[in-house]
Amino acid sequence: MPSVTHEALVELFKNRPTLAAEMLHDALGHPVPTFTEARVESSDFTEIVPSDRRADVVVVLLAGEQQRRAMAIVVEVQLGVDPDKPYVWPVYVSQTRARHRCPTRLLVVTINAAMARWSARPIDTGHPGWTLTPLVLGPQGVPVVTDAEQARAAPEVAVLSAMAHGQSEAAEAIGVAFFSGAADELDQERRAVYGDLVLSSMNAAARRKLEAMMKSGYQFQSEFARSYVAKGREEGMREGTLKTKAHDVLAVLEARGLEVPAEVRERVLASTDLDELDRWIRRAAVISDARELLATTGF
């Protein structure tokens with residue numbers, strides 16, 4: 001089941017259809033054609049894959065008076081390692097290209113640096129000359145929005161900025177930009193949901209300062225937002241446990257004087273499975289080579 005963070009990121013790209021093109025062009029420096037409209041299209045690929053397989057968002061850029069399809073962008077939010085994705089992502093790209101008869105890009109969005117590296121790996125499809133290299137928007141590529149006018153013009157970008165950089169030193173400035181620039185320009189529903197997303201993404205110090213700025217104290221205004229915050233706290237606790245266990249695995253290996261290759265370190269830090277990390281902690285105490293950690297075993 002997709003996490004609340006996953007669904008929140010998906011909604012940003014659905015609510016602002018131009019966001020995918022903006023991130024490709026502005027954040028990643030990837031050229032996009034001139035277009036007059038960006039439209040969210042069906043992302044269901046039931047024609048050729050099982051019914052539970054669908055991309056998160058498909059955006060089609062339309063150009064000219066004839067509304068010619070200039071480019072399609074498949075947006076995939078990726079928050080954890082999924083060995084299935086290197087096989088289904090090429091399907092999403094080829095099926096979208098066939099359906100809309102236009103050039104198609106794959107944009108993978110993540111707020112985790114380790115996942116950005118994992119997602120950016122080229123995918124060898126097995127066909128000569130066809131290697132799919134995902135275009136990845138990771139936290140380093142997300143703009144830090146601290147200007148109120150910029151937040152007002154692109155509130156979804158401001159929220160994305162908070163989700164990617166809310167734990168950094170810029171958190172307070174990002175929050176101030178959103179609440180002083182974007183919040184009043186949104187309809188009631190988006191103001192409630194986006195405001196809660198921004199606050200729940202902030203580090204504790206920034207959140208306290210932002211709440212102190214609000215005259216009557218901020219209250220979570222929507223059912224979705226209340227659910228988001230409750231689940232977000234649970235996710236935060238779980239993510240903290242994952243991070244601690246991952247570092248424990250590496251600490252055991254390093255304490256035993258074993259060299260830890262980059263691919264092993266990256267895989268450990270990207271793990272979202274507590275049981276897996278527990279197994280790796282036990283294995284780290286007995287293996288003679290760090291590469292053995294990832295070997296399939298019943299240990």
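**Cores and sheet**

Reply: In this predicted model, the largest nonpolar core holds 47 residues, and Ile73, Leu107 and Phe178 have the most contacts inside it. A nonpolar core here is a set of buried Ala, Val, Leu, Ile, Met, Phe, Trp, Tyr and Cys residues joined through side-chain atoms within 4.5 Å. Buried means under 20% relative accessible area, exposed over 50%, and partly exposed in between, with a 1.4 Å probe and protein chains only.

Me: Which helix gives the most to this core?

Reply: Helix α6, residues 155-165, does, with 7 residues. Helices (H or I, at least four residues) and strands (E, at least two) are DSSP runs, numbered from the N terminus.

Me: And what does Phe178 touch?

Reply: Leaving aside residues up to four places away in sequence, Phe178 touches Ala151, Ala158, Val159, Ala183, Leu186, Tyr194, Gly195 and Val198. Contact means heavy atoms within 4.5 Å.

Me: What lies apart from that core?

Reply: Another core, of 17 residues, lies apart from it; Trp89, Val108, Met115 and Leu132 are among its members.

Me: Now the sheet: what is the strand order?

Reply: The sheet is open, with 5 strands in the order β1-β2-β3-β4-β7 and mixed pairing. Two strands pair if DSSP finds at least two bridges between them. Because β1 (37-41) and β7 (135-137) stand at the edges with a single partner strand each, one side of each has no neighbour in the sheet.

Me: How is β4 joined to β3 and β7?

Reply: β3 and β4 run parallel and are joined by 6 bridges, with Ile73 opposite Arg105 in β4. β4 (residues 104-109) also runs parallel to β7, through 3 bridges; Val108 stands opposite Val136, and Val109 opposite Leu137.

Me: Is β4 mostly covered or open?

Reply: β4 is mostly covered, with 5 of its 6 residues buried.

Me: Where does α3 pack?

Reply: Helix α3 (residues 85-100) packs on the sheet, where it touches β1, β2, β3 and β4, and its direction makes about 160 degrees with that of β3. Axes are lines fitted to C-alpha atoms, for helices over the stretch in contact, and angles run from 0 to 180 degrees between N-to-C directions. Buried residues of α3 include Trp89, Tyr92 and His100.

Me: What follows α3?

Reply: Arg101 follows, and its phi is positive, near 55 degrees.

Me: Which conventions apply?

Reply: Residues are numbered from 1 along each chain as its sequence is written, and side-chain values use heavy atoms, without hydrogens and water. Local features need pLDDT of at least 70 and side-chain atom pairs count only at pLDDT 80 or more, while totals for chains, interfaces and linings use all residues.
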